[in-house]
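Student: I would like to go through how the contact between two chains is described, and on what grounds each term is used. Could we take the terms one by one?

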Amino acid sequence: MSLRIAAIAFLLVGRFCLSAAESTAPAAAPSWLDRDKSYPYLDNRPLGSREQPLVLRTFLPNPGLEEAVFANHRLGFKAFAYSPEKGVDLAGTVMPIDGIPAAIAVSYGADLSIVFDTTEGRLLYAWQGGFLDLFPYWGDAVTRGAMVQMDYVPRLIGTLIYRASQAHPLEIDGRSVSELGAPQFAGYDLVKSQPVFLVRHGKFLVRTTLQPAGPLAFRLTFATEPPARLSYRNESNRYTLTQHQAAAGQLSLTVKGASLGEYKGYERAPDLKVASIAAGRQLYQNFGCASCHNLNGAKSNGPTHVGLFGREQTLLDGTKVKVDEAYLLESIKNPNAKIPLGYAPNVMPPYNQLSDLQYQSLILFIKSLLQPEEAL
Amino acid sequence: MKRNRAGRLLALLFALVVAGIFAATITPEHYKVEDIAFPPNMPPQVGGVAFDRDGALYVAMRMRGEVLVAQPHADPKQFKWRVFATGFDNALGIVVPEPGRIVVVQMAEVTEAIDTDHDGVADKYRTLANGWGMSGNYHETNALVPDGKGGYFVALGTASYQGPTFVHTRGEYSAFGRRGRNYSAVPYRGWVMQLGRDGLLTPYASGFRMPNGLLLDDENNLWSSDNQGDWKPTTPFYHIQPGKFYGHPSSLVWDKNWPADKDPLATFRQDLTSYNALRTRPAVEIPWEIIHSGSQPIQIPRNNAFGPFGGQILLPDDSRAKIGRLMLEKVGGQYQGAFTLFMEGQGLQTRNNRAAFSPDGKSLYIGQVSGRGWGGAPPGASIMQRVRLVKGAPFTIAKMEITPTGFRLTFTAPVNAAGAEISSYPVQSMIYQPRWTYGGAAEDKRDETVTAVKVIEPSVVEITLDAFRAGRIYRLRLADALVSATNEAPPDREFFYTANQLPSR
């Protein structure tokens, strides 16, 4: 067991791609797989490199982008909470959460990370010093990949250096490409492993390439077909632009951004000094327990925990057991030991790597669930 | 306490009889299940399995979106995996039109990835379609299959109330569509779309909840299962036809014929008569107890390299260690038919999500998945398994067909003497009414009366039911006494026939 934990720890510390110093392999081949026959998949803080950027499509956070940037999105709004048991709307509401649904993140190593959005057809933001903490969406080795329910958008790690604002800063013949109609994302090429994004703005196909360019800076290269005169609007007086090259249909510049905010990833459940219901609730959320054990009293893949404690539970083999602390603890650590009637074995994974205080907190929380929580 | 002698003798006799019954029947291993080895630490995340024409096996990994490729090897531990493409989000469908070119459906789009410089790694990623909404809900995953005309069918799953939506959505947001347990807040969630070879994406059929896997069979019929839940009391199996509505109301908000001021959930919650009139019933309904979560249906090759079921469709269970088998026939111009378990356990793992047959038709490669991360899978859980026919054929009903008065059962081998007894064929029937509630129990259960059994050929039996009616699901449970003439027991004794229609006399 300790070997296994050590291996997981190694993987968590290790990086998904080769570090810059090691990355002498041919550019196109993700050789990490063949190199050591290992697959560091459990790394929920992956990092690419300058030579082999990591392209990752996932839900992405919104670090305070202004509304104008979402010109081609629509607004979601609050919805009635719903009781699947009663089949009716409830008094409470469910608020939409912040996130970007269809963007692409790229890590060029610690020097640069960016988010390019396929709906707006533009770079949304850039940061340095890290990439994404995917814990809320992918979980980790202990939670075995459970997502954080209602809060699964991955978090940024590092210093935000650029944030888009207003219309698209690229101009063709003096007009922002935003004026050419809704952008059409066409895909991307990997040119020597470097992603080149393709977006159609009206009759123009625009290719966008990004590169790290030192502290607070990144380099942007645009190419347009058919060729036309390109210019770039500075979106903030806190940024400085340095133009390198401009020809018909070509534009290359360095954007020196500013320190716009620090991000540290997802805040994990605290290191407990004492067991508590509040800590149990946080753990319940982190481990995604509610995805199978509803808090609204409804039957799901597993029995609801609402009002469960103290009751008599009939098991698959017909025997009855009282739901007490010992039963709950056993069911968390070894779910197959006692399967409640009406549920299948081998559905829930064992959670046996938690601390005693964490187990106690979870049990305290489950004990506290007397009434259905209707408004999620 | 002393037991009397008669009691002891009776107990002994009973034990001998029981032992005798079990000693007499045999269940030989016809299929072998092997674990395919993957690189260490790879979680079970299979979202797509496909072969190219050269026999290379492509496997899409759901969450982080790598596509691995290997040439299958006789030794399941000797697959040399390499990465062909990366960066897909919720890759849950893959098609390989030719070696070095794949088409993947991910959450946001259908993407073509091509290795243009022939170094073994894709370098050109092109968006083939993205004309559907994304609310930000985690549950909006998709499935993909070729349409047989150079395009594709794309199935778009609904969102779940167990997750939120985002402030900024891709696509229009509907308040009516947002309501309910599983919902369709943005365009075409709960629809199957057709992506023409011209790139045009058009709505094809509605009313799906979570159609996790599509099949276009070799006669160009489009099939899918759906996940039991709200409005889905069973695990249904649908023959998907254009313009039809398959029962989950939320998707109707994106139907141009549905009034914009009408809430489909509220409407049908009150009015099941109108609901039943609008919906197209499943070709087969499988009780949830039998299959929890139907995943990708797959057609058994007709060359019978996989046993005597060529042309029939297998339905893996995404939750449990099961694969079902469907026996379909056309009655009154529409497909309906029967279900039984093809395999349960026997080394098969749980979480069976995506599958493909090897080009020679001998091996079924079945990929396993676990949750949205890698939850649900015990340490060392398999990622992909290979099922092969190793000996003969199992004794079972190969074909269950409806007659005007009952069923014709074609076994894979001659039946024993019990095959001629009425008591060997107990039949129950039931109905399921979809409602807004999650799942649903069998209603109006009846014990049917079998009035006659006729052995037409040594392996063909016809049973006649008293007052045989359409619109019901018939459950036949072969009695334990019924085995093959060589004493082989079937792998599953239960058969469910969905009699939407009876054939005319």
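Tutor: In this predicted model, the rule finds 16 residue pairs in polar contact across the interface of chain A and chain B, both residues being at pLDDT 80 or more.

Student: Which elements of chain A supply at least two residues of the side that touches chain B, and which of them gives the largest share?

Tutor: Among those that supply at least two residues are helix H1 (2–13), strand E4 (88–94) and strand E12 (184–191) of chain A, and the largest share, six residues, comes from E12(A).

Student: What makes E12(A) and strand E9 of chain B a pair of strands?

Tutor: DSSP has to find at least two bridges between two strands; E12(A) and E9(B), residues 124–129, are joined over three bridges in the antiparallel sense, so they pair by that criterion. Within this pairing, Tyr188(A) stands opposite Tyr125(B).

Student: Why is the contact of Glu109(B) with Arg57(A) called a salt bridge?

Tutor: The closest N and O atoms of Glu109(B) and Arg57(A) are 3.2 Å apart, and the cut-off between a side-chain nitrogen of Arg and a carboxyl oxygen of Glu is 4 Å, so the term applies. Across the interface of chain A and chain B, the rule finds two salt bridges.

Student: How is the extent of the interface between chain A and chain B expressed, in residues and in area?

Tutor: The contact takes 78 residues from chain A and 71 residues from chain B, while the area buried between the two chains is about 6,400 Å², with carbon and sulfur atoms giving 58% of it.

How values were computed. Residues numbered from 1 in each chain as written. Chains lettered and ligands numbered in written order. Predicted model: local features only at pLDDT ≥ 70, side-chain atom pairs only at ≥ 80, totals over all residues. Heavy atoms only, no water. Contact = heavy atoms within 4.5 Å. Buried area = accessible area lost by both parts, 1.4 Å probe. Polar contact = N/O pair within 3.5 Å; in protein donor to acceptor, adjacent residues only side chain to side chain. Helix = DSSP H or I, 4+ residues; strand = E, 2+ residues; numbered from the N terminus.
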